Amino acid sequence: ARYYSVMHDTSGAGSDFDPRFNPNFRKMTAIQINPFVKYKGIEFFGIYEVVSGTTPAALNNTELGDGSYTQLGAELIYRFGNDENLYVGGRYNLVTGESTEQSETTEIDRLNVGLGWFMTKNVLAKVEYMNQNYSGDGWAGSRFENGNIQGIMVEAVISF
């Protein structure tokens with residue numbers, strides 16, 4: 001996520017890296033498949049990931065059992081311009097699962113739509129709208145319960 005400090009509560013609790021999600025597994029198994037297809041100026045990139053693992057609490061209490069999460073994502077971009085240096089696109093991402101067998105389900109979904117301009121090979125300027133939601137009983141009582149982030153971001157990126 002390119003969004004920082006957006007889920008702090010009024011007491012200041014939170015991480016600079018919210019809304020990133022980390023299942024905090026200490027032992028884990030993960031499988032990820034990332035299809036990519038390009039046809040002329042249209043690009044599709046997908047994510048299918050499943051991860052199962054053991055949290056620190058479950059390492060000391062085997063009755064909790066292992067947790068598991070699934071991530072699904074899809075991005076569709078249309079590149080245009082003389083050198084395909086302009087683009088418009090959208091991305092949807094969903095993470096759902098439980099941190100242990102005894103935990104309630106947590107879910108995070110995010111929708112992004114935006115447009116960008118590669119000013120040079122290494123410089124990108126973009127505008128993006130993002131809407132992210134936290135749902136599921138696993139967030140009950142936490143600062144993420146019924147959480148929602150939405151807004152517009154303008155960004156310039158230089159890469160080497």
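Modeller: β4 gives the most to the nonpolar patch, with 3 residues. Strands here are DSSP runs of E with at least two residues, numbered from the N terminus. This is a predicted model, in which local features need pLDDT of at least 70, side-chain atom pairs count only at pLDDT 80 or more, and totals for chains, interfaces and linings use all residues. Residues are numbered from 1 along each chain as its sequence is written, and side-chain values use heavy atoms, with hydrogens and water left out.

The patch consists of V37, I42, F44, L76, Y78, F80, V88, L115, V127, I152 and V154, which together have about 1,000 Å² of accessible area. That area comes from the Shrake-Rupley method with a 1.4 Å probe, and for residues only the protein chains shown count as cover. Patch members have over 30% relative accessible area and no salt bridge, and nonpolar side chains (Val, Leu, Ile, Met, Phe, Trp, Tyr) are joined within 5 Å. A salt bridge is a side-chain nitrogen of Lys or Arg within 4 Å of a carboxyl oxygen of Asp or Glu.

At least two patch residues come from each of β3 (42–54), β4 (67–80) and β8. L115, a patch member, sits in strand β6.

V127, also in the patch, is in contact (heavy atoms within 4.5 Å) with M153. Leaving aside neighbours within four places in sequence, M153 also contacts R2, Y3, K126 and E128.

How values were computed: Patches are made of residues with over 30% relative accessible area and no salt bridge: like charges are joined within 9 Å, nonpolar side chains (Val, Leu, Ile, Met, Phe, Trp, Tyr) within 5 Å. Helices (H or I, at least four residues) and strands (E, at least two) are DSSP runs, numbered from the N terminus.
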